[in-house]
Amino acid sequence: MLSRPGRRIGLLVAPFLVFAALAAWALSSPVGSSPDDDFHLTSIWCATGDSEYCAPSGDPGTRLVPPAVADPACFAYDAEKSAGCQSRFDFTAGATEETERGNFAGGYPVVYYGTMSVFVGEDVHASVLVMRLVNIALFVGLGVALYLLLPVNRRQILVWQWALTTVPLGLFVLSSNNPSAWAVMGVGYGWLALLGFYEARGRRRVPLGAVFLLTAVIASGSRSDATIYFVIAVLAAAILAFRNTRRFWLSSLLPVASIIICALLFRASRSADAVTGGVEPGLGLGVIIPRIAYNLTEVPSIWTGIFGQSWGLGWLDTSMPALVWFSALASLIGAGFFAARAASARKSVVLALGITALAAIPVLLLVMAGKDVGEDFQPRYLLPLIVVFIGAVFFTAQRQAINFNRAQVWLIVAALAGANLIALHLSIRRYVTGIDALAPSLDAGREWWWAIILTPDLTWAIGAVAFTGALAILLPVHDRTISAPDRRVAALGHSAPRSDADTTV
């Protein structure tokens, strides 16, 4: 194990490794590679208010935008077709194309689109890459801020919840132009910021509260369903932190304020219409009950879809080999069952709430729309809630600890690093040549790539090494919670003197 100075140096390096790993994923796919990117990119370009980038067409339901924005996914749904088909676009010219795909009626919240529109420029390639890197920087920045602000005994949750839930779908989404990136980070960070706010003492409560309110805006400003998930995450944090004291009830004014923010953004975006727009009229009990039963038996496939099992990346067309989803899922199950041994009544209530929400939400929406699992509702929609409730598994009450041994931690590091290595290679391969041209070298037969100095092989190597390095630093350092006598000190936001066996910093 690393010495204490070594751990400190490692923790300083870890954020840069996380950024590099996600940046490799940002480069792994072309413009328009995430689901419905034609809609989302058009919405970003048309949020600028500048007719140079999004011109009126004369029809209130359409706009004129660059062709590379209006219809970039010429490769969608055909994994053997590379992104080389984008060569027909001029990513810097002033040509326009009429499109009806965009947030013109306000069905989506406008905060994400408005923020990303700041980075719109004449070069579509450059604009898209900058937006992806900004999303990555926001994710890393929020993570670093929370790590420094959270009580020491809650840092284990922060590290493990992201490590166990992001390979491969989370890595792809967080480094994309899709508003789901904000949904995942807003909900996934928000509940933990609130838990820290309830438990911390002193001056750290103010910045924790500020981070929490920021995540409320990030989540509810990205997707309408993220607003609902954020409220559920707030409830989970409040249950875990509950104390029938005056301090707790006064502190609860903050989550009430966040819910008001979410409600205002939800209402302003006409999200209620978007949520109920797909409801199928005239459903009778004879149809509803069998459909509920069927969807309940199939809904776990949505949960495991975050690991690439039965669901592809991108436009659901980049399938992952079994070793990827098996390694990631096995890591989650192994670590989750071990962490769940630290049980408490409130933790059990939260986990029951989580399982109920993860099953009921997709089943309800699918049944209302007259559809079944596998249609419309994708794993990325549930990923924010999955992050929260996996994090809740690592919650510990007084006199409890989650202490992994060295072999367990390094086995998980190896499994997740291997899964990322394979997934990133396949993601780059899918767009560089199509998966019909498999070869060890990603540079061989290249049909598409960014106009940058980094080659596909070098990008893959950087991403694989950076992700492995981040795991190798963060998971061993947070393989255990602090001992019970130190919890009072940890609640103050400071680490207590500890033995050499205590590796939490």
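Val13 is partly exposed, at 36% relative accessible area. Here buried means under 20% relative accessible area, exposed means over 50%, and partly exposed lies in between (1.4 Å probe, protein chains only). Val13 sits in helix α1, residues 4-27. Helices (H or I, at least four residues) and strands (E, at least two) are DSSP runs, numbered from the N terminus.

Areas come from the Shrake-Rupley method with a 1.4 Å probe; for residues, only the protein chains shown count as cover. Patch residues have over 30% relative accessible area and no salt bridge; like charges are joined within 9 Å, and nonpolar side chains (Val, Leu, Ile, Met, Phe, Trp, Tyr) within 5 Å. A salt bridge is a side-chain nitrogen of Lys or Arg within 4 Å of a carboxyl oxygen of Asp or Glu.

## About the model

This is a predicted model, in which local features need pLDDT of at least 70 and side-chain atom pairs count only at pLDDT 80 or more, while totals for chains, interfaces and linings use all residues. Residues are numbered from 1 along each chain as its sequence is written, and side-chain values use heavy atoms, with hydrogens and water left out.

## Two disulfides

The structure holds two disulfides. The term covers a pair of cysteine sulfur atoms within 2.5 Å. Numbered in sequence order, the bonded cysteines of the protein chain pair as 1-2, 3-4.

Cys46 is partly exposed, at 23% relative accessible area. Cys54 counts as buried, at 11%.

Another disulfide links Cys74 and Cys85, with 1.9 Å from S to S. The link of Cys74 and Cys85 is right-handed, with 85° about the S-S bond. Both cysteines lie in the loop between α3 (67-70) and β3 (97-99), so the pair ties together parts that are 11 residues apart in sequence. Cys74 and Cys85 are both buried.

## The loop between α3 and β3

Tyr77 also has its place in the loop between α3 and β3. Tyr77 is not a glycine, yet its phi is positive, at about 75°. Tyr77 counts as exposed, at 63% relative accessibility.

## A negative patch

Asp78, Glu80, Asp436 and Glu447 form a negative surface patch. Asp and Glu count as negative, Lys and Arg as positive; His and the chain ends are not counted. The place of a charge is taken as NZ of Lys, CZ of Arg, CG of Asp or CD of Glu.

Glu447 is found in the loop between α19 (406-432) and α20 (456-477). Glu447 is partly exposed, with 49% relative accessible area.

## Backbone details in other loops

The peptide bond from Val167 to Pro168 is cis, with omega near -5°. Pro168 lies in the loop between α6 (155-163) and α7 (169-174).

Leu316 has a positive phi near 60°, in a residue other than glycine. Its place is in the loop between α15 (300-304) and α16 (322-339). At 38% relative accessibility, Leu316 counts as partly exposed.

## Another cysteine

Cys262 is buried, with a relative accessible area of 1%.
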